[in-house]
Amino acid sequence: MTDDATDAQRRIARELGVRLEFDVAEEADRRSQFLAELLTATGLRTLVLGISGGVDSATVGMLCRRAVRRRPAGSAALAAVRLPYGQQQDDADARLVLDTIEPDCLFTVDIQPASDAALVSLSAAGLRFPSAEKEDHALGNIKARQRMVAQYAIAAALDGLVIGTDHAAEAVTGFFTKFGDGGVDANPLAGLTKRRVRALAEHLGVPARIITKVPTADLESQRPQLPDEEVLGLRYAEIDDFLEGLPVSPEVHAAMTRHYTATAHKRSGPLVPPPRPPGCAG
């Protein structure tokens, strides 16, 4: 790999907050403390977390549980939210995660009626998708955003903060829905690669079955439970190697930089016009 390629790799990792060193116990303490201090700083009392049945939400759930226990008794709570689209295929995994994190309260919100209604309303307005695949992709993003609508409504009722589960391996590839799972109040897994999330999960006591489970966003109705790696065309191990400064093939390096550049808009606020050059009159 050329020096320029290595520099680009380091720059991207630095911009995403990925550190070369990783101490799992330190990270567990630092990230749970971050959540506890966030409750103190905002004056709010509830951490609201969507539970998918995967390792990311399970890990964040354990961090939230630790954060709540850092607060004076009765002053904070963890509200878990299940957000199935109809019947959740990995229902047993979601139940296992809930048993593990022991939330103070649980809400189950079926997002299918609202998501489907949005698509019907768009059709009634005259919108036509060029293909069934485009329509399914749009519905997948509606699902992700509808989940956040529900979580923010719960947060409003419970004086809460909506906690996200996105990490650096998703951030670098843009593998999240803008204003969906990417639209949260806090992301305690930020800067962690997928393998480091799994290490953190193991340290926190997440069941092995959840840690080793094949990751899937499960947003596509036409292809349920589609593995993330199949969508991305990259293995998480390759993404992690890139972010952790380890050698990767030229093909992986090119794919990573391409993903990162193409999805820059998803990691920033709304795009705005550039400021006028100094000295320009109205």
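Guide: The largest nonpolar core has 34 residues. A nonpolar core here is a set of buried Ala, Val, Leu, Ile, Met, Phe, Trp, Tyr and Cys residues joined through side-chain atoms within 4.5 Å; buried means under 20% relative accessible area, with a 1.4 Å probe and protein chains only. Before we go on: this is a predicted model, where local features need pLDDT of at least 70, side-chain atom pairs count only at pLDDT 80 or more, and totals for chains, interfaces and linings use all residues. Residues are numbered from 1 along each chain as its sequence is written, and side-chain values use heavy atoms, leaving out hydrogens and water.

Leu47 and Ile163 have the most contacts inside this core. Two or more residues each come from α2 (24-42), β1, α3, β2, α4, β4 (160-163), α8 (194-204) and α9, and α3 gives the largest share, 8 residues. Those labels are DSSP runs numbered from the N terminus: helices (H or I) of at least four residues, strands (E) of at least two.

Now zoom in on Leu47. Setting aside neighbours within four places in sequence, its contacts (heavy atoms within 4.5 Å) include Leu35, Cys64, Val68, Leu78 and Ile163.

Next, helix α4, residues 91-101: Asp91, Asp93, Ala94, Val97, Leu98, Thr100 and Ile101 are buried there. An α-helix has 3.6 residues a turn, so residues three or four places apart point the same way. The buried residues of α4 pack against β1 (46-51), α3 (55-70), β2 (77-82), β3 (105-108) and α9 (208-211). Just after α4, Glu102 has a positive phi of about 50°.

Key: Buried < 20%, exposed > 50% of the residue type's maximum accessible area, 1.4 Å probe, protein only.
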